[in-house]
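Student: I have a structure open and would like to learn how to read it. Could we go through it feature by feature?

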Amino acid sequence: MTIRVYNTMTRQKEEFVPVNNNKVGIYVCGPTVYDYFHIGNARIFIVFDVIRRYLEWRGYDVTYVQNFTDIDDKMIKRAQELGITVPELAERFIEAYREDAGALGVKKADVHPRATQHIEEIIQLIETLMEKKMAYNVDGNVYFDTQAYAQYGRLSKQPLEELEAGARGEVDEQKKHPLDFALWKKQKPGEPAWESPWGLGRPGWHIECSAMSMKYLGDTIDIHAGGPDLVFPHHENEKAQSEAATGKPFAKYWLHAGYLNINKQKMSKSLGNFLTVRELGKEIDPLVIRFFMLSAHYRNPINYSPELLQQAQSGLERLNNVVYNLRHLLTTLPAGEEETSDTEEKLQALQAYRERFIVAMDDDFNTADALAVLFDLARETNTYLKKKEISRTVVAQTLQFFEEVGSILGFFTEKEDSELDERINAMIAERQEARARKDWATADAIRDELVAMGIILEDTPQGVRWRRK
């Protein structure tokens, strides 16, 4: 089976063939760490976390890099507002990112580079561009010369006239052309600064990602990814400066997730219509947010509403219930029930579900269709578990499939507390004994205590089982 990905550069799906055999380098533009990230940002982090997991599951050796932008105009302004230094601000919100991304089930990147820790590499890259006459210095401000790079605008696929019109929003009379962009910014009073051949200053936004990507992934990476708002100017500028410096393609595949809208309007901090993961996570399990994000194809826009989030919660609970049932059954089915008359038929059906899942994910990482496969299997599994004769082999392999797929999508990974589990099982056994002797008051009191602990009891043909709410 072949993985196909939609490449923003070519505007079509292409067969995924890594640059270096089985090794895959992925660079995802990370947050500017001046505040908590909102759920629109979260979609980016979740989507590309799943893509990384899937490629690893398919056997690729993946190096995943996601940067932290820890110096820019927003950070300087916010630090001044809070009366702290820019490094202190960065540390605060990098830690917050780790907490919130972890709650969403997002794995740590192999490398989380910071712009301020790569000043040397950034300066070297700018010097290369200067030597190749692709950049110019005006009184300590260094700009990339877009007119010297013939392919400028190829990624965003917009006429240069339209790009120029957008660029004029930030007028800078020092630039030769409206589309030229800053590689190095001269220090202003009170700003953090580093020594450079052009005087004290700091890097521009775009140059940091090129320098860090090249350091950890080489001149040409397999996948460069981010949100749709990064296509222009950020990714367009990264592509231009990187390829101008090396003479090689910067990225083989450009992947961009769709916007998350609220009331059909793009969610963003600049518009003030945003929800942070930290806020929303107080009201609902962050894994429900993850499930919601994966319920649509990553390239499609997705509209947020409390009602849709509630639907996602119900959907995730349905799948969780099946997994809980399967886990419970494995602890109660006696030995000798490994095979039944329909064992082989059920295992063949399970293999068909596996193939459907792979087909969905191979088609540009279609998590919406992948989840549909899980719901179909859940429905069939629930019917199967009501039968009098159940194969332990079928139960075990069905559970294995759910957990294997869960390791890709980021679900069904609840950590078990063995001591608490033993206590819960003992309480359930005590309740069953009370019911057997018709001591309903004691049985009800134990059930109420379990409910207060967030434990739900369910009667099944195999006995009482429990799950966490």
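Tutor: Start with one pair of residues. This is a predicted model, and in it the bridge partner of Val-142 in strand E7 is Trp-184.

Student: Which residue of E8 does Trp-184 stand opposite?

Tutor: Trp-184 stands opposite Pro-203 in E8. E7 and E8 (residues 201-203) are joined by three bridges, and these two strands run antiparallel. In a regular strand the side chains alternate between the two faces of the sheet.

Student: In which sense do E9 and E10 pair?

Tutor: Strand E9 (residues 221-226) pairs with E10 in the parallel sense, over five bridges.

Student: How many of the six residues of E10 are buried?

Tutor: A residue counts as buried when its relative accessible area is under 20%. In E10 (residues 251-256) five of the six residues are buried, so the strand is largely enclosed by the rest of the structure. For the chain, buried residues make up 52% of the 469 residues.

Student: Now the sheet with E11. In what order do its strands lie?

Tutor: The order is E12-E11-E13, three strands in an open sheet with mixed pairing. E12 (265-266) and E13 (302-304) are at the edges; each has a single partner strand, so one side of each lacks a neighbour in the sheet. E11 (residues 260-262) pairs with E13 in the parallel sense over three bridges, and Ile-262 has Tyr-304 in E13 as its bridge partner.

Student: Which helix lies across E11 and E13?

Tutor: That is helix H9 (residues 286-294), which runs at about 145° to E13.

Student: How do I describe two helices that pack together?

Tutor: Two packed helices are described by the angle between their axes and the distance between the axes. Take H12 (residues 367-384) and H13 (residues 392-409): their axes come within 12 Å and cross at roughly 160°. That makes H12 roughly antiparallel to H13. The crossing of H12 past H13 is left-handed.

Student: Which residues of H12 and H13 meet?

Tutor: On the H12 side they are Thr-367, Leu-371, Leu-374, Leu-377, Ala-378, Thr-381 and Tyr-384, and on the H13 side Val-394, Thr-398, Phe-401, Phe-402, Val-405 and Leu-409. The residues of this contact of H12 with H13 divide into ten nonpolar, three polar and no charged.

Student: At what angle do H1 and H13 cross?

Tutor: The axes of H1 (residues 39-57) and H13 cross at roughly 130° and come within 7 Å. H1 and H13 are therefore oblique to each other. H1 contributes Val-50, Arg-53, Tyr-54 and Trp-57 to the contact, and H13 contributes Glu-404, Ser-407, Ile-408 and Leu-409. Here the residues of the contact of H1 with H13 divide into five nonpolar, one polar and two charged.

Student: What does the chain look like overall?

Tutor: Its secondary structure comes to 15 helices and 15 strands. The C-alpha trace spans about 90 × 50 × 35 Å along its principal axes. Among contacts between residues at least 6 apart in sequence, 76% join residues at least 24 apart.

Terms used
Residues are numbered from 1 along each chain as its sequence is written. This is a predicted model: local features need pLDDT of at least 70, side-chain atom pairs count only at pLDDT 80 or more; totals for chains, interfaces and linings use all residues. Side-chain values use heavy atoms; hydrogens and water are left out. Axes are lines fitted to C-alpha atoms, for helices over the stretch in contact, and angles run from 0 to 180 degrees between N-to-C directions. Helices (H or I, at least four residues) and strands (E, at least two) are DSSP runs, numbered from the N terminus. Angles under 35 degrees count as roughly parallel, over 145 as roughly antiparallel, 65 to 115 as roughly perpendicular and the rest as oblique. A crossing is left-handed if the near helix is turned anticlockwise from the far one by less than a right angle, and right-handed if clockwise. Contact means heavy atoms within 4.5 Å. Ala, Val, Leu, Ile, Met, Phe, Trp, Tyr, Cys and Pro count as nonpolar, Asp, Glu, Lys and Arg as charged, and the others, Gly among them, as polar. Two strands pair if DSSP finds at least two bridges between them. Buried means under 20% relative accessible area, exposed over 50%, partly exposed in between (1.4 Å probe, protein chains only).
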